[in-house]
Amino acid sequence: VFKDWHSPGNNILLMGQKSGDSALSDLYDKGLSLEDWLLSTILEIRANTDRPIVYRAHPRSVKHTNIFINQIIRQYRISNLHISPNTEKGANVGGAGLYTDLKNAYCVVTHSSNSGVEAAEQGIPVFALNAGSAVYPIAHHDLSKIENLNYNIDLKEWQRKIAYTFWNTDEVKNGSCWSHFKPVYFNM
């Protein structure tokens, strides 16, 4: 059940991506890296708000990107930028760890992380900075407006569309998912 739009906390929750992932191909096509995107996004957020920024690493890139975030903090002296403790070794990097971070979020900023869907489900406003993001149709896109969130974005049409992209384990096991996609795959 989707919750109404609200900001339960004060943090800007910046979602990491997996370095080298095809979801970042638009960056790579421009000669940019995940690190370039992180730096420019952090600087743009900081130029538009003093709220705490909490970086949440992708579960498969925790060590590498956390080192990079610490370098940004030192080199650029970014105030109030923190690394989520809910992605450290031994922490539940998804599930409960993610929901702990979401409980303290004013909004979520992502390139195209699927965590944006979970944020929207919790009613937390999302900035999706890539048109390929699953939440792009219901997300904010302009970080200069981060202090002026729209809590009136209608989710109904997006919810209907996105329902076709999520399948539970039973639906995959019993073939329902394949039955749905088989005609599309084989052009039937």
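Biologist: In this predicted model, is glutamate 147 buried, partly exposed or exposed?

Modeller: The relative accessible area of glutamate 147 is 34%. Buried would need under 20% and exposed over 50%. Glutamate 147 is therefore partly exposed.

Biologist: Which residue forms a salt bridge with glutamate 147?

Modeller: Side chains of opposite charge can pair when their charged atoms come close. For glutamate 147, the closest N and O atoms of the pair are 2.8 Å apart, and a salt bridge requires a distance within 4 Å. The partner is arginine 51.

Biologist: How many residues apart in sequence are the parts that this pair ties together?

Modeller: Glutamate 147 lies in the loop between strand 5 (126-128) and helix 6 (156-162). Arginine 51 lies in the loop between helix 2 (34-48) and strand 2 (53-56). The pair therefore ties together parts whose separation in sequence is 96 residues.

Biologist: Is arginine 51 buried or exposed?

Modeller: Its relative accessible area is 18%. The cut-off for buried is under 20%, so arginine 51 is buried.

Biologist: What separates glutamate 157 and arginine 160 in helix 6?

Modeller: Their side chains meet in a salt bridge at 2.8 Å, N to O. The two residues are three apart in helix 6, so the separation is about one helical turn.

Biologist: What radius of gyration does the protein chain have?

Modeller: The chain has 188 residues, for which a compact globule would have a radius of gyration near 16 Å. The value for the protein chain agrees with this, at 17 Å.

Methods:
Residues numbered from 1 in each chain as written. Predicted model: local features only at pLDDT ≥ 70, side-chain atom pairs only at ≥ 80, totals over all residues. Heavy atoms only, no water. Rg over C-alpha atoms; globule rule 2.2 N^0.38 Å. Helix = DSSP H or I, 4+ residues; strand = E, 2+ residues; numbered from the N terminus. Buried < 20%, exposed > 50% of the residue type's maximum accessible area, 1.4 Å probe, protein only.
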